[in-house]
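Morning, everyone. I have one structure to walk through today. Please bring it up on the screen.

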Amino acid sequence: MVNMVSGLLLRRIFLTVAETSSHVSLGMRGQWCGFTTSTTRFSESSLPNPDSVVSYKQLKNMLSTHNVQLFDVRNPDEFMAGRIPDSVNIPLSQLEESLKLSPEHFQLQFEVKAPGKDDDNLVFHCQKGRRSAEALAIARQLGFNRARHYQGGYSEWAAHEGK
């Protein structure tokens, strides 16, 4: 009984450490202190890539040079309550199907040019960064490998812009 409780406690400690460490890289069945973990994978590739994040200053520059395809993945009511100029609203729940549209259908539906898979000016944003990170993951799965997200979201934008 004591060994079982100790094993469970050690497993819990290991999983907590593994989840918070940025350098843990385990295979399918990692071993630690004589016991085997679950099949959960932890790897460097699952960590956020700093190159995928756009700062307020970068976004401001992209907007001033008209070199951004900015998609707001918040809900329509949030978008109507306040938005970053030149952003296009595609709610997160509709993003995957929208990015799969043909360029012609995308342009008809959103009244902007469809993003290309190699575009490096594709940026997603939401209110505080969580949904835009999900949007980025969806886009990357669909092959938009150079897409990025504005992690500060509309909250940070509004604070900088005095809104």
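Predicted model: local features only at pLDDT ≥ 70, side-chain atom pairs only at ≥ 80, totals over all residues.

Start with helix α2, residues 56-64. Which of its residues are buried? They are Y56, L59, M62 and L63. Now look down the axis of α2. Those buried residues fall within an arc of 125°, so they line one face of the helix.

What does that face pack against?

L122 and F124 point one way from β6. V123 and H125 point the other way. Buried or exposed? All four residues are buried. With the cut-off for buried at under 20% relative accessible area, that holds for both sides of β6.

Now the pairing. β4 and β6 run parallel, and four bridges join them. On to β7. β6 and β7 are also parallel, with two bridges between them. Here, pick F124; its bridge partner in β7 is H149.

How does the chain get from β6 to β7? It crosses through helix α6, residues 130-141. This β-α-β crossover is right-handed.

Last topic: backbone angles. Go back to the end of α2. Just after that helix comes H66, with a positive phi of about 55°. H66 is not a glycine, and its phi is still positive. Where does H66 sit? It lies in the loop between α2 and β4. H66 is exposed, because its relative accessible area is 69% and the cut-off for exposed is over 50%.

D86 is another non-glycine residue with a positive phi, near 70°. D86 belongs to the loop that links α3, residues 76-81, to β5, residues 88-89. Its relative accessible area is 51%, so D86 counts as exposed.

To recap. The buried residues of α2 line one face of the helix. β6 pairs in parallel with β4 and with β7. H66 and D86 are both exposed.

Over to you for questions.

Technical notes: Residues numbered from 1 in each chain as written. Heavy atoms only, no water. Buried < 20%, exposed > 50% of the residue type's maximum accessible area, 1.4 Å probe, protein only. Arc of directions from axis to C-beta. Pairing = 2+ DSSP bridges. Right-handed = clockwise from strand over helix to strand, strands pointing away.
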